[in-house]
Amino acid sequence: MYIKNKHIELPKILLFFIVISWGATVFIQNFVTSSSFDILSVRAIDDVAFQVSLRNIHNFTSLKQLLNMNDYGYGWIYWAPMALITYPAFLLQQASGTAWLLIVLPRMMSLAFALACVFLMYKIVSVYTDNEWIKLASVALLPLFPTQAYFVSRFSTVSQAVFFCMLSVYLTVKYEQLDRKKLRLILLACAGALGTKLTTVIIVPMLALLILNRYNFKFNKDNLRVWVSEILLAGAITVFLISPAVLFFFAFPQQAEKSVKAIFYFVKNTQGKVDVISNIKDGVFKASYYLPVFFALIAGMAAKACRDFRGKASAYRFDFICMFAGYLIGCLYLCITIGTGPVYVLQYSLSIGFVLPLGLTALDLPSKKALRIFSAIVCVLTVFVQAHFIQQQVTRSSAYNPLRYFQKAKSSKDTLNLITELRTAVEKNAPDGKKIVILSDWELPVFMSPLEHNNIEFYSVWDNLHVWETYKADFIVLYKKSKGFMSEEDFKKAVSSATENNIKTYQKDRSTRTEFVRTKTLFGKSWSVVAESNEFVVYMSKTN
């Protein structure tokens, strides 16, 4: 379809409009509630935690420290470029106190990778169809998946990890045959994904099947020699991208040990009591957050796989079988191994979830005008239904709505007042010139960020007050609506779905709080109440 004979196709105009509108919305929101570190927790507590990790890297005292940047189990390939790109903004913040650029830049990195994912989606779907309406709908659906959009406007690894997963798949499917050089590029992209985030390992089965398909599943000596050598090289590169210290452990044993411990600690945190049914129902099935769209795309993937299988022999004949099987294997692995809840299954499945919009290629029907019109109508309806669902999330103020940070900023007056109240309580009672340590329940905002105040150490208590004895706190700020202060009946309901280990932690936390409130003693010290409201109570150590 052409407009004014300028050969500008309508689907591409619509696609461009959708992507630009979405990107502009995210771009503008990235500046919301970002003027200082003291109000950053109003937006997202994860932003605060990641900024602390970034500050630790920026304040490095030796080059050895830069070999094992693995906070939260993420790899060197994520932290090292992020630290380098944001370093000028860090210097600006140190020199002038201007923090907004340092706060915003990591989110812009997420947005840049997300836009690159949109481009790769177009390139991947173009391998399988020339129908511009199908391309439009497939590409438009990707940012309209709520969870995908959720992480685009955050200081997060998700966009980067998904980008490398998509790149590895695109580099595989764009060729009918693979030689050693092409295989190496594919495995390097996969190494980038694994180096960013270990949970992207779920892309491996899909990628392996697609690669084997390009080799016609021939396991001869020549192929095996190439595969083994390239996999070993990719494995070494993956280790380097996760932590150079581990690859060169013989030269940097202490740094290597630190990296390994950090990675295993966060891998262990995904374990616990696994509820497979909940992981499937509230994790896998929530890929689009709208079941009719999800099942329609799954049905399209299956239909395309069956149709290709019965079609003419070609390098692409088994691609959808490989992708469909790889998607199922990856999701099954998550469902039977992740014990931290369906929300994490949903998050991790993004590494393979980008293949779902390819289900629309089942609409690439024979070139009869009526069928082409039918395909276009279905594509438009699919995008419209998904977009309507997203619009409903806006009106419901859902966590996954695309305007959530505008809404947060609009409704943050009470939170900002709470930050002022808490900061005033501490500053009024803190000894002049003395470095102080604050323990505060995670439900409360980070009201005095150590990124903003050099004499402050601030730690969030995650329903585990009993484990903080060694931190020698000067102030403890407790949230009165936390699990530890609930009635016995409400407490049991709140922890009913938690793992056995977490329930024990919550119980210890609750008993510690009860005794602390009763005796005003904790960690071998006496405490006094210096401020209290309906939401919080601030305790100060009497030994200050």
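Helices here (H or I, at least four residues) and strands (E, at least two) are DSSP runs, numbered from the N terminus. Buried stands for under 20% relative accessible area, exposed for over 50%, and partly exposed for what falls in between, using a 1.4 Å probe and protein chains only. Contact, or covering, calls for heavy atoms within 4.5 Å. The model is a predicted one, in which local features need pLDDT of at least 70 and side-chain atom pairs count only at pLDDT 80 or more, while totals for chains, interfaces and linings use all residues. Residues are numbered from 1 along each chain as its sequence is written, and side-chain values use heavy atoms, with hydrogens and water left out.

The buried residues of helix 4 are Ile77, Tyr78, Trp79, Ala80, Met82, Ala83, Thr86, Ala89, Phe90 and Gln93. An α-helix has 3.6 residues a turn, so residues three or four places apart point the same way. Helix 4 itself runs over residues 76-96, which makes 21 residues. From first C-alpha to last, helix 4 reaches 29 Å, close to the 30 Å expected at 1.5 Å a residue (the expected span being 1.5 Å times one less than the number of residues). There is still a kink along the way: helix 4 bends by about 45° at Tyr87, with a proline, Pro88, following within four residues. The bend is the angle between axes fitted to the seven residues ending at a residue and the seven starting there. Just after helix 4 comes Gly97, with a positive phi of about 85°.

Positive phi also turns up away from glycine. Phe217, in the loop between helix 10 (203-214) and helix 11, has a phi near 55°. Phe217 is partly exposed, because its relative accessible area is 36%. For Phe523, phi is likewise near 55°, and the residue sits in the loop between strand 4 (521-522) and strand 5 (525-532). Phe523 has a relative accessible area of 17%, so it counts as buried.

Over the protein atoms alone, on a 1 Å grid, a cavity is a set of points where a 1.4 Å probe fits but cannot get out, whereas a pocket is an open set with protein on both sides within 12 Å along at least five of seven lines; lining residues have an atom within 4 Å of a point.

Helix 1 (10-29), helix 6 (132-144), helix 7 (146-152) and helix 19 are the elements giving two or more residues to its lining. Helix 1 provides the largest share, seven residues. Of the 22 lining residues, Ile18, Trp22, Leu144, Ile390 and Pro402 lie nearest the centre. By class, the lining has 15 nonpolar, six polar and one charged residues.

Ala140 lies in helix 6 and is buried, since its relative accessible area is 0%. Beyond neighbours within four places in sequence, Ala140 is in contact with Leu15, Ile18 and Val383. Val383 belongs to helix 19 (residues 369-395) and is buried too, at 15% relative accessible area. Setting aside residues up to four places away in sequence, Val383 touches Ala137, Ala140, Leu141 and Leu144. The C-alpha atoms of Val383 and Val139 are 9.8 Å apart, although 244 residues separate the two along the chain. In helix 1 there is also Phe27, partly exposed at 41% relative accessibility. Phe27 touches Met108 and Leu111, again not counting residues up to four places away in sequence.

Definitions and conventions. Ala, Val, Leu, Ile, Met, Phe, Trp, Tyr, Cys and Pro count as nonpolar, Asp, Glu, Lys and Arg as charged, and the others, Gly among them, as polar.
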